[in-house]
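Please look over the sequence and structure first.

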Amino acid sequence: MARPRHPNKEVEEAVAYAESLRWTWRALGHWGRLFCPHADRDGCQVGIFSTPKNAGNHARQIIRAIDRCPHAKEKADDEKL
Ligand SMILES: [Zn+2]
C-alpha cells in the first residue's frame with residue numbers, strides 16, 4: 001500500500017526521514033506505524049498520530065525513535081548471512 005502524505009508538514013518530514021533510512025510504513029493504528037529495518041525480528045517501531053496535539057513534539061518524538069534505532073546499520077551485514 002502506498003503511503004499517504006501526512007497532513008502535517010513536520011510529521012511528514014519525520015516520516016520521510018524514517019523512509020530515507022529504510023524504515024517501512026504500514027497502515028496500522030491512528031495514521032500508521034513505522035518499522036525499522038529490523039522489523040521482521042525484534043525491531044523498533046513507532047506509531048504516528050493523524051492529528052497530534054502538538055505536531056512539532058510528535059515529529060521530534062518520531063525522529064528520536066529513529067535515531068535510537070541500533071538496527072539500521074546492521075542490515076547490510078545481516079544480508080550476507
Ligand atoms: Zn531498530
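His71 lies in the loop between helix 2 (55–68) and helix 3 (75–78). This is a predicted model, in which local features need pLDDT of at least 70, side-chain atom pairs count only at pLDDT 80 or more, and totals for chains, interfaces and linings use all residues. Residues are numbered from 1 along each chain as its sequence is written, and side-chain values use heavy atoms, leaving out hydrogens and water. Helices (H or I, at least four residues) and strands (E, at least two) are DSSP runs numbered from the N terminus.

**His71**
- His71 counts as buried because its relative accessibility is 11% (buried is under 20% relative accessible area, exposed over 50%, partly exposed in between; 1.4 Å probe, protein chains only).
- Leaving aside residues up to four places away in sequence, His71 touches Cys36, His38, Asp42, Gly43 and Cys44 (contact means heavy atoms within 4.5 Å).

**Strands**
- Strand 1 (residues 24–26) pairs with strand 2 (residues 32–35) in the antiparallel sense over three bridges (pairing requires at least two DSSP bridges between two strands).
- Trp25 is opposite Leu34 of strand 2.
- Five residues separate the strands in the hairpin of strand 1 and strand 2, where Gly29 has a positive phi near 70°.
- Strand 2 and strand 3 (residues 45–48) run antiparallel and are joined by four bridges, with Phe35 opposite Gln45 in strand 3.

**Helix 1 and helix 2**
- Helix 1 (residues 9–20) packs on helix 2 at an angle of about 10°, with the axes 8 Å apart (axes are lines fitted to C-alpha atoms over the stretch in contact, and angles run from 0 to 180 degrees between N-to-C directions).
- Helix 1 is therefore roughly parallel to helix 2 (angles under 35 degrees count as roughly parallel, over 145 as roughly antiparallel, 65 to 115 as roughly perpendicular and the rest as oblique).
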